[in-house]
Amino acid sequence: MIEPKRVLRALAEHWALLEPLCEHFDQGTLSLSELRLQLAAHQLDSTPQDITNVLDSWIRLDILVPVAKSPNRFELNAQIHDFLAYLRREHRLGLCLEIEAYLRHLERLAGYIQDAFDIRDSNDLARQLRLLDMRVRDVLKKLANDEQALVAVAERAKTSDRQIPLRQRYAEVLATWDEYVEPMIQLVNADGAFEQGVRKVENVLLRMLSEQQRLGHLVDDDMLLRTHARILEMQTSAQLTLRHARELLLPLREEARRHNAVTRGAALALAAIRRKGLDAVPQAAMPMFTRPQSTFLGSASQVEAYVYALARFEPKPARFPKAHKAHRGETPKAPRTVKEMLDRCSDALPMPDLMSWLLDQEPNGDTDELLYWFSRLSREKRFVRERLERRDYHTHEHLVSLRSFALLSRGDDANETSASPLHAS
Amino acid sequence: MHLDLSELSQLAPIFRELFKGYHVSRRDPELYAQLSNFQDAYRALFKALGFELVCDTRGFYYFVPDTAITSAQVNKTAQRLALFTFIIVEHLADQGRDPIAVLDGGSLGRDELPSLLEKYRDLFVQAEVTTQDELEEKIMRRMTQLGFASEDNGVYRFLPPMHRFLDVCLSVQQDRDLAASLHSILPLPTPVLIDDEAEVEEEDEEAALARAIAAEQQEMDA
């Protein structure tokens, strides 16, 4: 029999050495030489004799135990390992089946309690009630342990390398969901084993309370009430643990499922496109965009009209020519065609500033028309453009601030070795 | 609903960007903050003007085009970008990388594009993308223009609006008809398309002009 105080003292004294070792023991066993290396790394000023002394004391106190059939390898005593895990809040997820087994045992205990009460055996009744109480504490401890373990599972998944495939990254989450959360949902269901067990024990305890009033007290009412309260606490705790597990793992599980769905969808779409062309992807699935910029610049003063529409925007009065009146003054100019403008622009190359050139050409042109030509000519493929600094330009009705372009013909550009990169308009 | 235009200090740039088809996300902090703070006001104002502002809870805003005009049409850009998303997802999954981690805030180097183009040449051809330049111009530049990605020093970072394309993957996955069609010989219903690409428009414009000039000359000759 090892004195508990000595074990606790050794754990406290060597905590700085034991704590890092726990992580290694979580992964597996260690040989004597590996243990010596680990200890030497954490206690730089120690001699080999000191390390031997520490290891000897751990083995004597049963903190370290030899692995069965491998006397040169050691592991932490399972009880000590659990205790250290509790202290380090490093929990391993238990099995849902363990909880179910505890629940079945609780049901059986409820039966024994009922029997003891029926034969009026107060000693047995008190013993069974204590057992029930301890078993409920076991379940509570297990639920708390599992909850910590679930948090760790979620954290590991979230913090692992983003570059490894999601299926691998979330493998533990998916396994935990299938092996723990899903069966727990079944267990804690309204008609699941958990609820049934709790209800059965609760019924026995409540019936006993009322029977004691009638037949006389075998045990203290307080003891029954305390046990009843603990049963209810266990029920709430199970529901909370389950809810917490769902909150933690469901988003990750959904992410993994979504990932699979996205990959499968992409593969399906590519297969369809390979066989039937680009139109094979159903149009309803396609995102729609509004029309691109060229339309925007081509249409008349749209931004202005829209933006100020609600702020008492006043459109200019439209003046239509009247058929019965002879036209006086100069005849209106015919609209310029794209070809005409392109030719004029080509003739004027190289052009230091497109917008200034347009203003020279059309000093009385409408702003929207000038901007249309600016957009149209600057995007013409046979010209090379070079973005200029932002400056203001006066049209006959507006002040326009924009970054104009210098235009060169493709041939000029080919001759220049230090051509500037193109910029998006 | 009372609208105070003075509160909507970013109205003009927000409208300009959204109208271009741009998706505003946290990448544009000022616009995003304005839209988040006055989401209802912006939505009401744009609705009154005939634009539907979508506020996606995954952190981005965009305009949905008028359904009357576009319900039967899928634009070519959307098809190209969707194809690119499918390819990236499969490519990354093949490499054992996590596609969602990359497309949801992750990044892709420009140097990865040539191998991607080589590996999926048969599919890119269908989207009229045959060279690295075309891939960058027709897909990557489009993605950055529409706010799906940002480019910095040869690295493309994918932004939250990419969820729109991940949603396409999900809806394809749920589309039993499509899965079934892969095992049948019947053709799929073909959507009606319009090409709203700028370059296509320009070509059309040129062609129309040439036709008009030819007609004019014929008239003059007559």
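## Close-up views of a predicted two-chain model

Figure 1. Strand β6 (residues 149-152) of chain B pairs with strand β7 (residues 155-158) of chain B in the antiparallel sense, over four bridges. The model shown here and in the other views is predicted. Within this pairing, B:Ser150 has B:Arg157 of β7(B) as its bridge partner, and B:Glu151 stands opposite B:Tyr156 of β7(B). Two residues lie between the strands of the hairpin of β6(B) and β7(B), in which B:Asn153 takes a positive phi near 50°.

Figure 2. Three strands in the order β5-β7-β6 (chain B) make up an open sheet with antiparallel pairing. Its edge strands are β5 (107-109) and β6 of chain B, each of which pairs on one side only. On average, and with direction ignored, neighbouring strands of this sheet are turned by 25° against each other. Strands of a sheet pair through backbone hydrogen bonds, in either a parallel or an antiparallel manner. In this sheet, the pairing of β6(B) with β7(B) extends over four bridges.

**Figure 3. A second open sheet of chain B, built from β1, β3 and β2.** This open sheet has three strands in the order β1-β3-β2 (chain B), and the pairing is antiparallel. Strands β1 (24-25) and β2 (52-56) of chain B are the edge strands, each pairing on one side only. The pairing of β1(B) with strand β3 (residues 60-64) of chain B is antiparallel and comprises two bridges. B:Ser25 has its bridge partner in β3(B), namely B:Phe60.

**Figure 4. B:Leu5 in the segment before the helix α1 of chain B.** B:Leu5 lies in the segment that comes before α1 (11-19) of chain B. With 13 other C-beta atoms within 10 Å, B:Leu5 is partly exposed; a residue counts as exposed at 12 or fewer such atoms and as buried at 20 or more, so B:Leu5 falls in between. B:Leu5 and B:Ala41 are separated by 36 residues in sequence, and their C-alpha atoms are 9.1 Å apart in space. For chain B as a whole, 60% of the contacts between residues at least 6 apart in sequence join residues at least 24 apart.

**Figure 5. B:Glu128 in the loop between α8 and α9 of chain B.** The loop between α8 (121-126) and α9 (132-145) of chain B contains B:Glu128. Although B:Glu128 is not a glycine, its phi is positive, at about 60°. B:Glu128 has 12 C-beta neighbours inside 10 Å and therefore counts as exposed. Of the 222 residues in chain B, 35% are buried. Chain B has 12 helices and eight strands.

**Figure 6. A:Asp62 in the loop between α4 and β2 of chain A.** A:Asp62 is found in the loop that runs between α4 (48-60) and β2 (64-67) of chain A. A:Asp62 has a positive phi of about 65°, although it is not a glycine. Because 12 other C-beta atoms lie within 10 Å, A:Asp62 is exposed. Buried residues account for 24% of the 425 residues of chain A. Chain A has 17 helices and five strands.

Figure 7. A:Leu349 and A:Pro350 are joined by a cis peptide bond, with omega at about -10°. A:Pro350 lies in the loop between α14 (338-347) and α15 of chain A.

**Figure 8. Packing of α15 and α16 in chain A.** Helix α15 (residues 354-361) of chain A packs against helix α16 (residues 367-378) of chain A at an angle of about 130°, and their axes are 10 Å apart. Because of this angle, α15(A) is oblique to α16(A). The crossing in which α15(A) passes α16(A) is right-handed. The residues of the contact of α15(A) with α16(A) comprise seven nonpolar, one polar and no charged. In chain A, 66% of the contacts with a separation of 6 or more are between residues 24 or more positions apart.

Methods:
Residues are numbered from 1 along each chain as its sequence is written. Chains are lettered from A and ligands numbered from 1 in the order in which they are written. This is a predicted model: local features need pLDDT of at least 70, side-chain atom pairs count only at pLDDT 80 or more; totals for chains, interfaces and linings use all residues. Axes are lines fitted to C-alpha atoms, for helices over the stretch in contact, and angles run from 0 to 180 degrees between N-to-C directions. Angles under 35 degrees count as roughly parallel, over 145 as roughly antiparallel, 65 to 115 as roughly perpendicular and the rest as oblique. A crossing is left-handed if the near helix is turned anticlockwise from the far one by less than a right angle, and right-handed if clockwise. Ala, Val, Leu, Ile, Met, Phe, Trp, Tyr, Cys and Pro count as nonpolar, Asp, Glu, Lys and Arg as charged, and the others, Gly among them, as polar. Two residues are in contact if their C-beta atoms, placed from the backbone, lie within 7 Å. Two strands pair if DSSP finds at least two bridges between them.
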